[in-house]
Amino acid sequence: MSTRTIATVGGLRRVGPSQRLLNVVLYVFMIVLGVLFVIPLLWMIGASLKEEGHVLSSPPTLFPLHPQWANYGQVLSLIPRFFYNSVKLAFINVVGVLAVSALAGFAFGRLRFPGRNVLFVILLATAMIPGVAYLIPQYIIFERIGWVDTQLPLWVPRVFTPVFATFLMRQYFVSLPQELEDAARVDGAGTFAVFWRILLPETKPALGAIAIFTFLDSWNDLLGPLIYINSRELQTLPVALAQFQNEYFSEITLLMAGATIAVLPVILVYLGAQRQFVRGITLTGINR
Amino acid sequence: MTAVRDPVRLPRIASTGSSPGRLRRIRLWRKYEGLLYIFPVFGGILAFQAIPIVVSMYLSLADWNGIQPPRFVGLGNFRQMFTDDPLYWQTLRNTVLFTLGAIPATTVLAFLLALLCNRNVPGIAIFRAAYFAPYITNIVAIGYIWYWIYKPDQGVLNGMLSVFGIHGPDWLSDPNLALISVIIVSVWQGAGYPMVIFLAGLQGIPTDLYEAASIDGASQSRKLFSITIPLMTPSIFFVLITQFITSFQVFGVIYIMTQGGPGHSTSVYIYYLYQVAFSFGQFGYAAAMAWVLFVILGLITLIQWRLQRGWVFYG
């Protein structure tokens, strides 16, 4: 009857032979799925290191025997401007969203002021409207005020409407113990000092999750740069890369090296902050 | 500075030698100070959401090419959309097909992945990271990769099929296949996000339920259908709601992989809206399209909320 007692926590209990077989089968299944999920990405990295003309050799190989690091040198000479633009925008967006959402989250979570609840409901209501509703009118307004073909539309609206982030920060500020604040108030700290010195440092997990998601949104944004940027030197990395496809159509190795460079920062951020990432998703269910 | 240390004495000390109105000013400041902190976000909502929404309402009732002054046409844009634009209906149909293909596949795959990942096996963190990796990968890179996977003659996929003697199809240029090919990419990319939601849900199920079921002699599949799935219905509901909203607004994968083609076989709602506005310069018509999509999404969400009573189990 030992097969019955396994199930949940696995490993701790005695396991029957049929259960052991099932576990092996499931493990193999997990590996197969894992390969299916990762192999296109590995293929991208592999192709970026191959010699031009040897990418689609048959039988297909994943990694070349003699990696051509020069491909990266060639691509890096083409993209520094776009890479810089993407990094700059990501930085402004992350810092801006953190500042705006932390201030508002603090006010909604810890301060009393007239209209607080009504304003909070309005804030939540705006989250229900899909982004596409704003697409056309925002473009027209930005066109009128001369923002088209500048980078302003790629960060100003994002920084000043961090609705989900404000919600998340508010939840976090509410959960902090009142004693923390009281002690500081008794010592004569003003409201901003309470916010900046006492409470904000306690919200690091929420700040981390927001930073990661804002970074991702900004870095992977496609529609924004596509609509607003015409000048080549203002373009972001992903869109510049999409435009490469027309110019360097036949040079797969260069395209793949460029794609790898566009993906690498995101993968690194993810690996560095996996836990915050998952916490962020489960806390808020943020979606794009 | 004892005056600052004791908030009760603050007004009295502060008022000595200064105007008696100071106390009132401090009270006033305390009362309204919070508004200062929320000013940036509400300024942003006003400027970048509220005003655009009003502009968009007007635009949807106007004919405007972005250059000449807008001309008021009443419900003309909506009339054109519903009665005089076969392409509109085709893109709507494609969007529905995309959604109906992508959502069940993504949800089932994500649930399966979450079940697999919710076990204590060696290297579990690596598996989770692997399943999640496509979700954070840039769509342009994904487009490149899959373009070469799908390439008919020398592509990776058909190359592998040819090993088994199968002559693979033209994945992205066959109008009957292109949408399915795009759905496959979309499912592959999108499963990681709901997987994490499901994983969190699974980890919230109390283990003693399973232990009790084991003592009663329940089989694995019985536990899955009688404990796991019922307790996971809130997570499934949440995933379905968000999937519908994002799936109806799919753009990136279409723009990068097919540009709506071949023919218009993969042209979806937002892609067509993007073309109407930024290629054809019909901003009024595009704004009207956005409003119809907004209503469609609202209705779908409302229906899902109504239906949840029938199947979502809040323990």
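Sorted by class, the contact between α12(B) and α15(B) has eleven nonpolar residues, four polar ones and no charged ones. Keep in mind that this is a predicted model.

How do the two helices sit against each other? Two packed helices are described by the angle between their axes and the distance between the axes. Here α12 covers residues 220-248 of chain B and α15 covers residues 283-311 of chain B, and their axes come within 10 Å and cross at roughly 165 degrees. Angles over 145 degrees count as roughly antiparallel, so α12(B) is roughly antiparallel to α15(B). The crossing of α12(B) and α15(B) is right-handed.

Now for chain B as a whole. That chain has 15 helices and two strands. Its radius of gyration is 28 Å, well over the 20 Å that the globule rule gives for 315 residues, so chain B is more spread out than a compact globule. Along the principal axes, the C-alpha atoms of chain B fill a box of roughly 95 × 75 × 40 Å. Of the 315 residues in chain B, 37% count as buried. Among the contacts in chain B with a separation of 6 or more, 67% come from residues 24 or more positions apart.

One residue worth a look is Val187(B), which is in helix α9 (residues 178-190) of chain B. Is Val187(B) buried or exposed? A residue counts as buried if 20 or more other C-beta atoms lie within 10 Å of its own; Val187(B) has 20 within 10 Å, so it is buried. Setting aside neighbours within four places in sequence, Val187(B) is in contact with Ala102(B), Ala105(B), Thr106(B) and Leu109(B). Pro134(B) is 53 residues away from Val187(B) along the chain, and their C-alpha atoms are separated by 9.9 Å.

Finally, the contact between the two chains. It takes 75 residues from chain A and 81 residues from chain B. On the chain A side, helix α2 (residues 17-48) gives the most, with eleven residues. The table sorts the side of chain A that touches chain B by class.

| Class, side of chain A touching chain B | Residues |
|---|---|
| Nonpolar | 53 residues |
| Polar | 17 residues |

Terms used
Residues numbered from 1 in each chain as written. Chains lettered and ligands numbered in written order. Predicted model: local features only at pLDDT ≥ 70, side-chain atom pairs only at ≥ 80, totals over all residues. Contact = placed C-beta atoms within 7 Å. Helix = DSSP H or I, 4+ residues; strand = E, 2+ residues; numbered from the N terminus. Nonpolar A, V, L, I, M, F, W, Y, C, P; charged D, E, K, R; others polar. Rg over C-alpha atoms; globule rule 2.2 N^0.38 Å. Buried ≥ 20, exposed ≤ 12 C-beta atoms within 10 Å, placed from the backbone. Axes fitted to C-alpha atoms, helices over the stretch in contact; angles between N-to-C directions. Parallel < 35°, antiparallel > 145°, perpendicular 65-115°, else oblique. Left-handed = near helix turned anticlockwise from the far one by under 90°.
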